[in-house]
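Student: Could you walk me through this structure, a piece at a time? I am new to it.

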2 protein chains.
Amino acid sequence: MNSLFQNLALLRTTLKQNNIDAYIIPVSDPHLGENIADHWHVIAWLTGFDGSAATVIITDSFAGLWTDSRYFIQAEKQLEGSGFKHMRPGPVPEESYIDWLIGNTGEGSRIAFDGRTLSISHYRKLETRLVSKKVILKTDCDLISEIWTNRPPLPSTPAFDHPVEFSGKERSEKIIQVREQMRNQKINYHLLTSVDDIMWLLNIRGSDVPYTPLLLSFAIIGEEQILLFTGENKIPPKMAQEFDSLDIVILPYEEVAAGLSSIPEGSSLLISPRTTSSALYFSIPESVKIFEDTSIPSRMKAVKNRAEIENIGKVMVRDGIALTKFFYWIESNFGQIPMTELFLIGRLLKFRVENEDFLGPSFAPIIAFNQHAALPHYSAKPETDSVIEENGILLVDSGGQYYGGTTDITRTISIGTPSLTQKTDFTLVLKGHINLALAKFPFGTRGYQLDMLARKHLWEQGLNYGHGTGHGVGYCLNVHEGPQNISPSGNKTIIEAGMLLSNEPALYREGEYGIRTENLILSYEDEETDFGQFLRFDTVSLCYIEKSLIDKSLLEQKEIDWLNSYHTEVYEKICPYLTEEERMWLKEKTLEL
Amino acid sequence: MNSLFQNLALLRTTLKQNNIDAYIIPVSDPHLGENIADHWHVIAWLTGFDGSAATVIITDSFAGLWTDSRYFIQAEKQLEGSGFKHMRPGPVPEESYIDWLIGNTGEGSRIAFDGRTLSISHYRKLETRLVSKKVILKTDCDLISEIWTNRPPLPSTPAFDHPVEFSGKERSEKIIQVREQMRNQKINYHLLTSVDDIMWLLNIRGSDVPYTPLLLSFAIIGEEQILLFTGENKIPPKMAQEFDSLDIVILPYEEVAAGLSSIPEGSSLLISPRTTSSALYFSIPESVKIFEDTSIPSRMKAVKNRAEIENIGKVMVRDGIALTKFFYWIESNFGQIPMTELFLIGRLLKFRVENEDFLGPSFAPIIAFNQHAALPHYSAKPETDSVIEENGILLVDSGGQYYGGTTDITRTISIGTPSLTQKTDFTLVLKGHINLALAKFPFGTRGYQLDMLARKHLWEQGLNYGHGTGHGVGYCLNVHEGPQNISPSGNKTIIEAGMLLSNEPALYREGEYGIRTENLILSYEDEETDFGQFLRFDTVSLCYIEKSLIDKSLLEQKEIDWLNSYHTEVYEKICPYLTEEERMWLKEKTLEL
């Protein structure tokens, strides 16, 4: 019996002892964000599967794991011999495990989970869908801590300052502005559970989770005080002193529930239901009037301020230099140095590490060759690592965290001579990219209205891609950070001036290759007319777009003009930082089409 | 004291007698549709205002009427001397009267209305927003019937058959299909309150309200029986016999609440909350499990069947002939016969009346000259009627009800020589119209994704229009009939093959002129590729588009191609029904651009 089997057997014994019929485990932590610390990777410890999205259910006779299509192959492999069955998702992937519960648990069953790891909005879905089964939902059920003996501790990295030259606004000023909005909305207390909200508000950062500079913490903003719940000794003395002067009280991380319980009767409290755990939710006294909405910091930080916008411009130059040197290196060494996807990930990181104020990658880079590029979320592993061969399509999607911003950029290049279809596909994707980049739209427009600009030319040829066109991007925070996006899904957030988004139309030919061209775009105010205030996007990412993949005959003049002017900007901004060889090469790459 | 004042005084006395602090009256009837019978025009009787949308509030010291911007001028005028104040709407127009209630009623006030005229979903809004005022909402309060002495009776028109050659499906078959969906959704009973749903289901029509061939009725579909609640003697004997054979039981109109009360304990009932009155809702026994969703007939009838599609094609030819003859008549008589907006409305009707199977106009036609055309919903009245003068823009938006379909078409023509700006505006609107007409999109696309196709070229010039681009259209039923539409508002209905929609981008220059070009478009299945099933639109309305208003230099080749091919189709389909003079004139109007 291997250790995974032992863990499962142990958990089943605990289930029985606690009189529980089914136990639910998500990949999640008490902040319900995208990246989590090892301490919370219960599923990896229990099943061997280490993907970033999954749900596990264990009963006395069943153990299964649901994940989405990007992890099918990985899950099949990693679950081998674990005792866990890989379950295929249903029509609503994130509710597939609920479907299973509906079909496989009897009336009155006791279903349990650790309420710290499921949001209250998710809990409500579970409750609504299981209501006819008359099950008992136990939300306070941590069965893992006692059996996971060598569990990694909670991260203990210290906070560091995010200086005002980068944040553009003192923490004291941000606090005043958040409180002002609280007063306008008649809110006495505001619970912050999303760590990025707290980082932004207090101008601090940490290193507690991969890819995003977060310091695990909760906060409750009151009218006078801010209660900051975080690990012991995580706030350095000098910072603690300044916090003290702003009436920011540092409390132990575990005491946030106690903090909520002590909110005075009759107060109003604003929470964000998708990032508030059900455990925390249930610790709010009944006498407190709860308002549910996107958090105030989350809406405020989506609109970048002037200093942030200036810094983003600088960071884009640095990030562009790294990418340019990387692609130059590939072209000039191809055929001499053997290259694989994983090897290139390391190479690219080396170039980024050379940049000033670089904190690390902003997500696990995707370097994918041919059919791997057809998987939108492919992540190279030793067992899948492909050799980059003579003819093919190489997709590079990567980004960095800098004090002055977060980057995310994708380029697709051709190794050898591309086929006609590849050129057509690349050009159609590029047309979508350019048309979104050129968009002009009145204030009040939502992302879902713009999404089709990037798809129109693909649709006309019976082509499409299965993901949104653009996600919001944080500032030295999450690479995926809302509330804004550009997607067909119906998100009603209005695109305001100062919002940063990705522009990443794509095309995936299963088993063959994938193409994606991604830049970050920043909205700004254009003219005001009798018909309202109009906005436009500024494309801020800086890296050449591979011309050998373009079929010029498919481009309209305004699209060619956009590309030429973009290439001129790329060359001018990047060339001062290149060697003579690199410069000549980039000149060629950015020559007029 | 005039009669309006007397009515108001009488109502105030009744308020006092009934111990009511504020009374709400909407323009509405128990079916909550767009057009209502005179019996329900309480506001017109009480205030003199006869617009199609308004809400009135009466207290012992206040009497006010809220309406939207299209009725401002009319309301000011008609309310003069009525004792009612014209109130300007707030940010959410349909909730402005609630804002007033919040600001102007004390805690514990008794607020009343006739629960038959407010939907349950609207009632919930009222309740939620007034909760902090701890008011008492009385929903069963008809104070009007007893004081409105000469109130018009409920309409008593008889039902007539909508033969299967038009409906394309026997009523028996439709009933089977609706019951099948009910079973799939585990629904025992389905309440139909929207009269169009009942008309469609039973293949009947009536003449109870203006513009839409409806027979006022409710229905409850059970697993074996259908209870049809309608006025006495409205179902002719032969129809009644056939209904009897299908287990359709005809009951008095007023007994629908009793019918609901008698639904057996523990049954499930499907209702549509936006068209179910709060009065009816509260008559549902507590033991009945209520499901709320769009009604099944409303979803089914949105997808037109083969026979309906064929008939729509025929109806479009007839409607196109009437319009062609109308525009020819204007051009050949202009300067000789004096023309006004109202006069032209009469003229246009004369041409439509000549058509086979014509039942009447599908809405109050908009014929609007110059600055009147800048008001999207202008309706000519004797006091506003404009003479059509030498130079200007004339907008004609009209439609008809036919056994074989409902039409809605807008053309904008120029009297005299148009200005350059007018040509540019017209051409930009036309570009939007054509780009939506040419759209190709994968199954799963919502109307809100397509909306921008019609706006893009206007936005690029800092222009826009303030309404949706397209509404759903019924079949010998409502000219505005969802659930589908094409609008920025975020309606999640997927555009399926067989849906009929309008395509009506526009531009309004306040105080100057307005431009709108509207055709109906019908979606159909195009190719299926590796990326899914794609759909396209077929433009079904048939009338030339005024070329003298087009600046050809602004059109792309594919747009010119669309216009030329559309004009060829218009000419070929319409010309056999024209006189020689008309034919030659249309040939000219549809010559290649």
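Student: Before that, what should I know about the model and the numbering?
Tutor: This is a predicted model, in which local features need pLDDT of at least 70 and side-chain atom pairs count only at pLDDT 80 or more, while totals for chains, interfaces and linings use all residues. Residues are numbered from 1 along each chain as its sequence is written, chains are lettered from A and ligands numbered from 1 in the order in which they are written, and side-chain values use heavy atoms, with hydrogens and water left out.

Student: Switching to strands, what does S3(B) pair with?
Tutor: Strand S3(B) pairs in the antiparallel sense with strand S2 (residues 55-58) of chain B over 4 bridges, and a hairpin of 4 residues joins S2(B) to S3(B). S3(B) also runs parallel to S4(B), with 3 bridges joining them. Here helices (H or I, at least four residues) and strands (E, at least two) are DSSP runs numbered from the N terminus, and two strands pair if DSSP finds at least two bridges between them.

Student: Which residues stand opposite Trp66(B) in those pairings?
Tutor: Thr55(B) stands opposite Trp66(B) in S3(B), and Trp66(B) in turn stands opposite Met87(B) in S4(B).

Student: Are the faces of S3(B) covered or open?
Tutor: Both faces of strand S3 (residues 63-66) of chain B are covered, with Ala63(B) and Leu65(B) buried on one side and Gly64(B) and Trp66(B) buried on the other. Buried means under 20% relative accessible area, exposed over 50%, and partly exposed in between, using a 1.4 Å probe and protein chains only.

Student: Back to Met87(B), then: is it buried or exposed, and what does it touch?
Tutor: Met87(B), which lies in strand S4 (residues 85-87) of chain B, is buried, with a relative accessible area of 13%. Leaving out residues up to four places away in sequence, Met87(B) touches Phe62(B), Gly64(B), Leu65(B), Trp66(B), Thr67(B) and Trp100(B), where contact means heavy atoms within 4.5 Å.

Student: What about Met239(B)?
Tutor: Met239(B) sits in helix H9 (residues 237-245) of chain B and is buried, with a relative accessible area of 9%. Not counting residues up to four places away in sequence, Met239(B) touches Ala159(B), Phe160(B), Asp161(B) and Ile204(B). The C-alpha atoms of Met239(B) and Phe160(B) are separated by 8.4 Å, although the two residues are 79 residues apart along the chain.

Student: Last topic, what is the strand order in the open sheet of chain A?
Tutor: The open sheet of 4 strands has the order S21-S28-S27-S24 in chain A, with antiparallel pairing. Its edge strands are strand S21 (440-442) and strand S24 (500-503) of chain A, each pairing on one side only.

Student: And how do S27(A) and S28(A) pair?
Tutor: Strand S27 (residues 519-529) and strand S28 (residues 532-539) of chain A pair in the antiparallel sense over 7 bridges, and Thr529(A) stands opposite Gly532(A) in S28(A).
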